[in-house]
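Here is a short note to read with the model open beside you. Take the points in order and find each residue as you go.

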Amino acid sequence: MKILVVGSGGREHAIIRKLKENPAASEIYAAPGNGGIASDAVCVPIAATDVAGVVDFAVREGIEYVVVAPDDPLVLGMVDALREKGIPSFGPDRAAAIIEGSKVFSKDLMKKYGIPTAGYETFSDAAAASEYIRSNKKYPVVVKADGLALGKGVLICEDEAAALDAVHSIMEDKKFGESGSHIVIEEFLTGPEVSVLSFTDGKTVVPMVSSMDHKRALDHDEGLNTGGMGTIAPNPYYTEAVAAECMEKIFLPTINAMNAEGRTFKGCLYFGLMLTPDGPKVIEYNCRFGDPETQVVLPLLESDLLTVMQAVTNGTLSETPVRFSADSAACVVIASGGYPLSYEKGKPVSGLENGQIPGCDATVYHAGTALRDGTLVTNGGRVFGVTAVRGDLASALKAAYDAAGRIDFENKHMRTDIGQRALQAL
């Protein structure tokens, strides 16, 4: 089977390496891929957002299955365009991808169908939003750009001045482009955060193993929000009782709500949850595999990923076993110094052969690398995610950090406290 994976980051690398475990996956292509993915797939220079280019390539090369991994092409309708050409793919169509493409839509969906989430108001006018903030007496508050913003469109504001500045930068300065034409202002929730990715064919929903992301750039959850500096799985706060409550009050109601709206969701639906004193609440939905959650969840998947993905596409998920290991996984992200603001690219990387660490069972997922004249160099803010799987979390973290220490480049940056909150909860 000839398979195309759309995307260029660590998530896509994790998906590709898992798909390779199926002998039927004889040829795997990545569009556009990266320097490390090139060791595991044939990279083709087509941007992930180039819907027409991806579809033309898939038709021309006889691609039999496409995995559309990032949010942008899903929201742009890449799955719809592939379907028109008779090419099956994994991921929601444009109508369903709006659950991530518009935070206003997702918040209104939750309100309409009684799915627990933070209280909120939405605005399309900066003056009205600012007036609302001036009347608000409870801080912190959360200000969110409505559309896609590379995971950085959520600002936690500690006081009125910060909230007003957030409105100004998002709506007037267009910090996130047209994604900031509308905003959501919502109450700040407290409690442990949990990420739960789930397979769904629009009828059945199968949650994957839970995980914990670390969004802030610096140790002790300080610094700016990033796309994610590391992850662990499973999340110790996500107990069997919590899982049962989430299935009853959040997961199934969300699938049913999308069906009721004529927006049947088929693919990977990501639930970003907060375990508040009042029970689990939805912070956000994503219409795809999370990054870097995928880098700890998929290594624990014991079932065949391609088989599960095809069951999602074909609507046969209820007949398809999905099993996960009882082990623990830890992923440490190695970033370029200065991320998520300004950083330099093109730094030569040492410590790897064919993209991996020689003689080491940890897996290096490439997020932002490129090959320049045969040399692997940095090419992004997040450069690598180094994942180790062990029988317990402490051992997995030690193995991941030991492996990450063997990779080097100028201005290398990583947090040193990934998983510490989870260890304290065990």
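1. The largest cavity holds about 40 Å³ of space. This is a predicted model, and every value here is computed from it. Searching the whole structure turns up 2 cavities of 30 Å³ or more.

2. Sorted by class, the lining of the largest cavity has 5 nonpolar, 3 polar and 2 charged residues.

3. Turn to the second largest cavity. Its volume is about 30 Å³. Val68, Ala69, Leu74, Phe90, Gly91 and Pro92 are among the residues that line it. Cys268, Cys287, Arg288 and Phe289 are in the lining too. By class, the lining of the second largest cavity has 8 nonpolar residues, 1 polar and 1 charged.

4. Next, find Asn286. This residue is in strand 17, which covers residues 279-286. Is Asn286 buried or exposed? Its relative accessibility is 7%, and buried means under 20%, so Asn286 counts as buried. Set aside its neighbours within four places in sequence, and Asn286 is in contact with Glu100, Cys268, Leu269 and Tyr270. Cys268 has already come up, in the lining of the second largest cavity.

5. Move on to helix 9, residues 240-260. How far apart are its end C-alpha atoms? They are 28 Å apart. At 1.5 Å a residue, the 21 residues of helix 9 should span 30 Å, so the two values agree. Still, look along the helix for a bend. Helix 9 has a kink of about 50°, centred on Met247.

6. Check which side chains of helix 9 are hidden. Its buried residues include Val242, Cys246, Ile250 and Phe251. Thr254, Ile255, Ala257 and Met258 are buried as well. Here is a rule to keep in mind as you read that list. An α-helix has 3.6 residues a turn, so residues three or four places apart point the same way.

7. Ask what lies over those residues. The cover for the buried residues of helix 9 includes helix 5 (94-101) and helix 6 (103-113). Strands contribute too, among them strand 10 (193-200), strand 11 (205-207) and strand 16 (267-276). Strand 17 is also part of the cover, and that strand holds Asn286.

Note on methods:
Residues numbered from 1 in each chain as written. Predicted model: local features only at pLDDT ≥ 70, side-chain atom pairs only at ≥ 80, totals over all residues. Heavy atoms only, no water. 1 Å grid on protein atoms, 1.4 Å probe; cavity = no way out; pocket = protein on both sides within 12 Å on 5 of 7 lines; lining within 4 Å. Points joined across faces, edges and corners; volume = space filled by probe spheres on them. Nonpolar A, V, L, I, M, F, W, Y, C, P; charged D, E, K, R; others polar. Helix = DSSP H or I, 4+ residues; strand = E, 2+ residues; numbered from the N terminus. Buried < 20%, exposed > 50% of the residue type's maximum accessible area, 1.4 Å probe, protein only. Contact = heavy atoms within 4.5 Å. Expected span 1.5 Å × (residues − 1). Bend = angle between axes of the 7 residues up to and from the residue.
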